[in-house]
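Subject: Structure handover

Hi there,

Here is the structure I promised to pass on to you. Have a look at it first, and then read on for my notes.

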Amino acid sequence: MADVAIRPEALREAMAAALDSLASEVTLAMDEVTVVLPLGNYLTAMQLLRDARDCKFDQLIDLCALDYSAWRDVGTDGPRFAVVSHLLSVSLNQRVRVRVFCPDDDFPVVPSVTPIWSAANWFEREAFDLYGVVFDGHEDLRRILTDYGFIGHPFRKDFPISGEVEMRYDEQQRRVIYEPVSIEPREITPRVIREDHYAGLDRGDQWHGGVNR
């Protein structure tokens with residue numbers, strides 16, 4: 001590994017030059033470089049980031065999906081799902097973040113990068129399991145964290161907090177069975193203690209001199 005990482009500004013310039021028109025954006029913020037790719041250029045650009053002389057991002061260290069549906073509540077519109085990868089270049093001693101959006105909110109699909117980085121295998125399975133993003137070309141796209149009979153994708157913003165099914169062992173059938181969730185919705189706001197003389201203190205002592213200082 002290089003003794004000193006190249007400057008983030010130099011990395012952004014190198015990324016922009018290497019990707020050229022393949023990238024929608026190459027930005028620098030908080031000394032971190034983020035690349036946004038159109039879906040159609042995704043695999044070509046990712047291969048270039050691994051192999052180009054000024055890039056050499058030979059390691060994929062993380063990949064996850066994101067659900068941007070809540071952005072519409074603050075007046076921002078756009079595709080709901082994205083896939084974000086974090087790549088490491090040992091020779092440059094630098095990292096880069098790569099984001100690609102899924103154009104179809106109802107059926108989000110992104111090409112698999114497992115042929116480029118085999119480490120993407122489990123990461124893509126996790127993103128499929130939790131967000132429902134399909135990775136086209138993945139050879140073994142199965143759930144990895146939830147059970148085989150699980151319904152839905154629990155990291156989506158519209159997934160119910162209590163889930164959709166529950167499981168229990170049935171003595172008569174002698175097996176685990178699945179049933180609709182029977183948990184009633186409940187208030188999950190933490191209770192704040194405001195009583196006078198709580199724990200032998202008056203209210204002023206609680207908030208200024210003691211337990212909640």
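Over which residues does pLDDT stay under 50? That happens over residues 206-213, for which the model has 16 contacts beyond four places in sequence. Here pLDDT is the predictor's confidence in each residue, from 0 to 100, and contact means heavy atoms within 4.5 Å. Where pLDDT is low, the predicted coordinates should not be read in detail. Across the chain the average pLDDT is 86, and 84% of the residues score at least 70.

Some ground rules before the details. This is a predicted model, so local features need pLDDT of at least 70 and side-chain atom pairs count only at pLDDT 80 or more, while totals for chains, interfaces and linings use all residues. Residues are numbered from 1 along each chain as its sequence is written, and side-chain values use heavy atoms, with hydrogens and water left out.

**Overall layout**

The chain has four helices and nine strands, in the sequence pattern α-β-β-α-β-β-β-β-α-β-β-β-α. Helices (H or I, at least four residues) and strands (E, at least two) are DSSP runs, numbered from the N terminus. Of the 213 residues in the chain, 33% are buried; buried means under 20% relative accessible area, exposed over 50%, and partly exposed in between (1.4 Å probe, protein chains only). Taking contacts between residues at least 6 apart in sequence, 48% join residues at least 24 apart.

**The five-stranded sheet**

Five strands make an open sheet with mixed pairing, in the order β1-β2-β5-β4-β3. The edges are β1 (25-29) and β3 (59-67); each has a single partner strand, so one side of each is left without a neighbour in the sheet. On average, neighbouring strands of this sheet are turned by 20 degrees against each other, direction ignored. Two strands pair if DSSP finds at least two bridges between them.

β1 and β2 (residues 32-37) pair in the antiparallel sense over five bridges. Along this pair, Ala-29 stands opposite Glu-32, and Val-26 stands opposite Val-35. The two strands form a hairpin with two residues between them, and Met-30 in the turn has a positive phi of about 55 degrees. With β5, β2 pairs in the parallel sense over four bridges, and Leu-37 stands opposite Val-100 there. Five of the six residues of β2 are buried.

Which helices pack on this sheet? Helix α1 (residues 8-19) touches β1, β2 and β5 (94-102), with its direction at about 175 degrees to that of β1. Helix α2 (residues 42-51) touches β2, β3, β4 (81-89) and β5, and its direction makes about 15 degrees with that of β4. Axes are lines fitted to C-alpha atoms, for helices over the stretch in contact, and angles run from 0 to 180 degrees between N-to-C directions.

**Aromatic pairs**

The whole structure holds four aromatic pairs. Rings of Phe, Tyr and Trp (its six-membered ring) pair if their centres lie within 6.5 Å; planes under 30 degrees apart count as stacked, over 60 as edge-to-face and the rest as tilted. One of the pairs is Tyr-68 with Trp-71, edge-to-face at 4.3 Å centre to centre and 70 degrees between the planes. Tyr-68 is buried at 10% relative accessibility, whereas Trp-71 is partly exposed at 44%. Together with Phe-101, these two residues form one aromatic cluster.

Phe-150 and Phe-159 have ring centres 6.0 Å apart and planes at 25 degrees, so the pair is stacked. Phe-150 is partly exposed at 25%, and Phe-159 is buried at 15%.

Best wishes
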